[in-house]
Amino acid sequence: MDPGHTEPAGTPHPGVPAAPGHDLAALLKHSARGDRAAFADLYDATSRRVYGLALRVVRDPAQAEEVAQEAYLEIWRTASRYDPERGSAVSWLLTIAHRKAVDRVRSAEAAARRDETYHHRNQPVDHDATAEAAHASLEARRVRAALAGLTDVQREAIELAYFGGYTHTEVAGLLDLPVGTAKTRIRDGLIRLRDTIGVGG
Amino acid sequence: MNDVHALSGAYAVDALDPAERALFEEHLDGCETCRAEVESLREAAATLADDAAVAPPAGLRDRVLAEIQTVRPLPPVTTAPASNVSVLRPRRWRPWTAATLVAAAAAVLAVVVTTTVWQPWADEEPALTAAEQVLEADDAVRASQEFPDGSRATVVLSRSEGRAVILTEDMAPAPSGKDYELWLQTPAGDMEPAGLMPDDSDATVVLDGDASEATGVGITVEPDGGSPEPSTPPIAVFDLSEA
């Protein structure tokens, strides 16, 4: 899979190929020089993933918008720190977005909310997201296929960590695993996911 | 179980608690294997977002593009140290004036003659590892000041590390019953307590707290044990707002 692939810019039809010139690394480089038009292109090419990720983690659309906005602000502010030698632009972007989302969900949880059960935490998302899933893009289908190649525990551990924002210790508790084994499952699962999809080479 | 490398997967998906994260990031500094692995696992994790993609509300685009108008992108990392020598900037510490600052500095810092060679790495305290991370960070910027008594202080900030370090040379100890207290200034102008300076004439101190957004560092003289807010005009101000 091409790590630099971009999502279609603002189109409701996920199958439409991205416009040429959407090299995210180049857009980041221009953004770093203050090129707001380039940054707008970057936003258009990535906002569905950034917002969608935030929404899966924080679960509240209003907060997801705030998280996405914070993420894009940091992406704009630190664009010059992106090093193409170290990984793809989309991974760099989503790492920022993910960290913001996890920080939000952990800080938003007061001690009382931390008592919520696993099931309460995993209420179904709103219908818009479900409808979105029905129009699965090629990339989404590819990920789901790759995830199917993981063991149940690996997949659940990764989903709880990545989308649930839980620490690996909490994941172990939620999945009834011995303390310390969740981090191994997460690592093994990510390695298998990486090798199946063919990124991070 | 004690193998720190095993944390790489959890780290790649932000599934470490703050203590483990700090431990692993310290490890990452010296382990290229783990750095490469974390990068590749982050690439894998990023593909998960493909399955979660949802069109954001239309208003978000306008808000994002409006917000970036007021924020300047950080300049690229340079290999040479940034020439960020700063003079006292009393504006940021309203209502104190330059005259007050200079007077305060002269009153507080006695003349100290010393033959101590400045060796910031002479101490073997654990805190130095965090300090070295800041000092050697790609995005480290420095602001230095010399004081009337010949002492010198340098603040080094790495926004990527989220930490600031202060290096002092020939600093006189605080007057008896007092401590030098360090402060991180937030973009909103608040002064956050960032720890006390030790009595050593030459010291390397990592400031407490997250410096990733800090617009300045200050030093004040406080009663022994420090204060939650500055109670005196600062004796030194390091302007990091352009860094």
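Which residue in S3(B) stands opposite B:Leu157? In this predicted model, the residue opposite B:Leu157 is B:Ala164 in S3(B).

In the predicted model, local features need pLDDT of at least 70 and side-chain atom pairs count only at pLDDT 80 or more, while totals for chains, interfaces and linings use all residues. Residues are numbered from 1 along each chain as its sequence is written, chains are lettered from A and ligands numbered from 1 in the order in which they are written, and side-chain values use heavy atoms, with hydrogens and water left out.

**Confidence**

The predictor gives the complex an ipTM of 0.82 and a pTM of 0.59. For pLDDT, the predictor's confidence in each residue on a scale from 0 to 100, chain A has a mean of 83, with 75% of its residues at 70 or more, and chain B has a mean of 80, with 78% of its residues at 70 or more. Within chain B, helix H1 (residues 8-12) has the highest confidence, at 97, and helix H5 (residues 98-108) the lowest, at a mean of 49; helices here are DSSP runs of H or I with at least four residues, strands are runs of E with at least two, and both are numbered from the N terminus.

| Stretch | pLDDT | Contacts beyond four places in sequence |
|---|---|---|
| Chain A, residues 8-21 | under 50 | 13 contacts |
| Chain B, residues 81-100 | under 50 | 41 contacts |
| Chain B, residues 106-128 | under 50 | 31 contacts |

**The sheets of chain B**

Strands are taken to pair if DSSP finds at least two bridges between them. One open sheet of chain B is formed by four strands in the order S1-S2-S3-S6, with antiparallel pairing, and its edges are strand S1 (141-146) and strand S6 (203-206), each of which pairs on one side only. On average, and with direction ignored, neighbouring strands of this sheet are turned by 15 degrees against each other; axes for such angles are lines fitted to C-alpha atoms, for helices over the stretch in contact, and the angles run from 0 to 180 degrees between N-to-C directions. Inside the sheet, strand S2 (residues 152-158) and strand S3 (residues 163-169) of chain B run antiparallel and are joined by seven bridges, and the pair B:Leu157 and B:Ala164 belongs to this part of the chain.

Another open sheet of four strands in chain B has the order S5-S4-S7-S8, again with antiparallel pairing. S5 and strand S8 (236-239) of chain B each have a single partner strand, so one side of each is left without a neighbour in the sheet. Neighbouring strands here are turned by 30 degrees against each other on average, direction ignored. Strand S4 (residues 178-185) and strand S5 (residues 191-196) of chain B pair over four bridges, with B:Trp183 opposite B:Pro193 in S5(B); the hairpin of these strands has five residues between them, where B:Gly189 takes a positive phi near 95 degrees. Strand S7 (residues 216-223) of chain B pairs with S8(B) in the antiparallel sense, also over four bridges, and B:Val217 stands opposite B:Phe238 in S8(B).

**Helix packing in chain B**

Helix H2 (residues 18-29) of chain B packs against H3(B) at an angle of about 115 degrees, with the axes 7 Å apart. H2(B) contributes B:Phe24, B:His27, B:Leu28 and B:Asp29 to the contact, and H3(B) contributes B:Cys34, B:Arg35 and B:Val38. By class, the residues of this contact are four nonpolar, one polar and two charged, where Ala, Val, Leu, Ile, Met, Phe, Trp, Tyr, Cys and Pro count as nonpolar, Asp, Glu, Lys and Arg as charged, and the others, Gly among them, as polar.

**A cavity lined by both chains**

The structure holds two cavities of 30 Å³ or more, a cavity being a set of points, on a 1 Å grid over the protein atoms alone, where a 1.4 Å probe fits but cannot get out, with lining residues having an atom within 4 Å of a point. The second largest cavity holds about 50 Å³ of space, the volume being the space filled by probe spheres set on the points, which are joined across faces, edges and corners. Its lining includes A:Ser91, A:His98 and A:Tyr162 from chain A and B:Asp14, B:Arg42 and B:Ala45 from chain B. Helix H4 (89-108) of chain A and helix H3 (32-48) of chain B are the elements that give two or more residues to this lining, and the largest share, four residues, comes from H4(A). Five nonpolar, three polar and two charged residues make up the lining of the second largest cavity.

Methods. On a 1 Å grid over the protein atoms alone, a cavity is a set of points where a 1.4 Å probe fits but cannot get out, and a pocket is an open set with protein on both sides within 12 Å along at least five of seven lines; lining residues have an atom within 4 Å of a point. Contact means heavy atoms within 4.5 Å.
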